[in-house]
Amino acid sequence: MEMVDVQSSFALKQHLLSEGAVNFWCNHVSQYQYPTIRKVALLILTMFGSTYTCESSFSHMNAIKTRARCSMTNEKLHECLRVALTTY
């Protein structure tokens with residue numbers, strides 16, 4: 001029923017078209033009026049960013065821990081990954 005209510009609201013449709021999906025779900029859809037659909041939408045919107053970060057981390061780890069460095073400890077690997085993944 002929440003989905004039907006959101007789809008039938010002319011004001012919400014205008015906000016979605018003018019501001020985009022992220023701003024729409026974060027700023028215009030009430031967490032009290034539409035708690036379930038808002039939660040699902042935010043989970044879907046944030047899913048892809050976290051997948052990219054995870055895959056990027058594994059790629060860096062594979063580049064750091066090669067066969068030549070197979071005796072590297074987990075602590076040293078953690079330090080190397082921290083340096084490789086930091087945007088600073």
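Let's start at Cys54, which is partly exposed, with a relative accessible area of 40%. On this scale, buried means under 20% relative accessible area and exposed means over 50%, with partly exposed in between (1.4 Å probe, protein chains only). Cys80 falls in the partly exposed class too, at 23% relative accessibility. Cys54 is in none, and its nearest cysteine sulfur, that of Cys80, is 19 Å away.

Before going on, a word about what you're looking at. This is a predicted model, in which local features need a pLDDT of at least 70 and side-chain atom pairs count only at pLDDT 80 or more, while totals for chains, interfaces and linings use all residues. Residues are numbered from 1 along each chain as its sequence is written, and side-chain values use heavy atoms, with hydrogens and water left out. The pLDDT is the predictor's confidence in each residue, from 0 to 100. The protein chain averages 86, and 95% of the residues score at least 70. Confidence is lowest in helix α4 (residues 35-64), at a mean of 84, and highest in helix α2 (residues 10-19), at 90. Helices here are DSSP runs (H or I, at least four residues), numbered from the N terminus.

Now take a walk along helix α4, where you'll find Val40. Val40 is partly exposed, at 43% relative accessible area. Together with Ile44 and Met47, Val40 forms a nonpolar patch on the surface, with about 250 Å² of accessible area in total. Such patches take residues with over 30% relative accessible area and no salt bridge; nonpolar side chains (Val, Leu, Ile, Met, Phe, Trp, Tyr) are joined within 5 Å, and like charges within 9 Å. A salt bridge would be a side-chain nitrogen of Lys or Arg within 4 Å of a carboxyl oxygen of Asp or Glu. The areas come from the Shrake-Rupley method with a 1.4 Å probe, and for residues only the protein chains shown count as cover.

Ile64 also lies in helix α4, and it counts as buried, at 11% relative accessibility. Which residues does Ile64 touch? Leaving out residues up to four places away in sequence, they are Arg69, Met72, Leu77, Cys80, Leu81 and Ala84, where contact means heavy atoms within 4.5 Å.

Glu75, in helix α5 (residues 74-85), is exposed at 59%.

Key
Helices (H or I, at least four residues) and strands (E, at least two) are DSSP runs, numbered from the N terminus. A disulfide is a pair of cysteine sulfur atoms within 2.5 Å.
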